[in-house]
Amino acid sequence: MKTWMLSFLLSLSFVPMARGQQAPVDERTAIPYEYPAFRDATVTMMFGSRKQVKGNVYLDGSRFYFMQDGKAIEANLGNVRRVQFGDSLYVPVNATTVGYVVAQDSGKMLVCVRTIDKYKMKGRKDGFGGRDQSGEGLAFATLDGFGGVLELDNREAMERAKRFPVQREYLFRIDGQWVPAKEGTVMGRYDRAKRLMLRGMTENRYWSWTDEKSLVQLLPLL
């Protein structure tokens with residue numbers, strides 16, 4: 001009887017932790033692009049000038065492409081400040097990658113980078129060794145293999161693409177620096193007093209480092 005009661009109490013002690021963790025989401029897309037067709041985009045350059053283009057975000061690396069003379073050209077992000085698709089705002093997070101702005105607060109940002117999970121396409125999780133490491137599983141999703149960006153709405157091309165697994169990475173923009181939205185990286189920026197304050201939120205059983213809404217709640221405190 002005592003053994004059964006002890007096991008029952010131990011199982012209850014794990015309930016809050018389980019509640020706080022988010023169930024893994026198997027996110028997939030029919031085409032390896034953010035939008036089914038190239039659409040109007042406003043590109044703001046570093047010195048404030050703007051260009052109107054037809055653009056899209058290629059999820060193999062979350063790269064910004066625009067149309068020029070009927071061809072898809074990968075943008076040089078070195079001089080780009082932001083890219084606006086209607087209500088959706090993207091900003092460069094490095095020399096080749098753009099991320100979607102989830103939230104902003106007093107000059108700070110929470111950004112999400114959505115990319116094709118190449119390793120998951122091969123049924124691997126570690127991503128080491130063999131063909132998987134070279135990303136060959138995505139060969140049929142290249143621009144050439146996809147029949148060209150002008151055919152993104154082509155049924156045959158979409159059928160070839162099937163369903164692409166998508167992974168998300170979140171980053172904070174704090175004091176002009178990109179900070180991965182991970183506990184160790186974020187907490188390591190602050191002194192003990194600030195860490196204790198932040199943990200007042202992050203240790204709540206309904207809060208998670210893998211949940212977008214949770215990260216939005218944290219942004220004003222950083």
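Okay, so a cavity here is a set of grid points where a 1.4 Å probe fits but cannot get out. Keep that in mind, and also that what we're looking at is a predicted model.

The lining is made up of Glu34, Val57, Ser62, Tyr90, Val98, Tyr100, Cys112, Val113 and Arg114. Two elements give two or more residues each, namely β8 (98-105) and β9 (108-116), and β9 gives the most, with 3 residues. If you sort the lining by class, you get 6 nonpolar, 1 polar and 2 charged residues.

Next, Tyr58. You'll find Tyr58 in strand β3, residues 50-58. Is Tyr58 buried or exposed? Its relative accessible area is 3%, and buried means under 20%, so Tyr58 counts as buried. Between Tyr58 and Glu74 there are 9.2 Å, C-alpha to C-alpha, with the two sitting 16 residues apart in sequence.

Last stop, strand β6, residues 80-85. On one hand, β6 pairs with β2, residues 39-45, antiparallel, over 4 bridges. In that pairing, Val83 of β6 has Val43 opposite. On the other hand, β6 is joined by 3 bridges to β7, residues 88-92, and those two strands run antiparallel as well. There, Phe85 has Ser88 in β7 as its bridge partner. The β6 and β7 hairpin has 2 residues between the strands, and Gly86 takes a positive phi near 60° in that hairpin.

That's my tour, thanks.

Definitions and conventions. Residues numbered from 1 in each chain as written. Predicted model: local features only at pLDDT ≥ 70, side-chain atom pairs only at ≥ 80, totals over all residues. Heavy atoms only, no water. 1 Å grid on protein atoms, 1.4 Å probe; cavity = no way out; pocket = protein on both sides within 12 Å on 5 of 7 lines; lining within 4 Å. Nonpolar A, V, L, I, M, F, W, Y, C, P; charged D, E, K, R; others polar. Buried < 20%, exposed > 50% of the residue type's maximum accessible area, 1.4 Å probe, protein only. Pairing = 2+ DSSP bridges.
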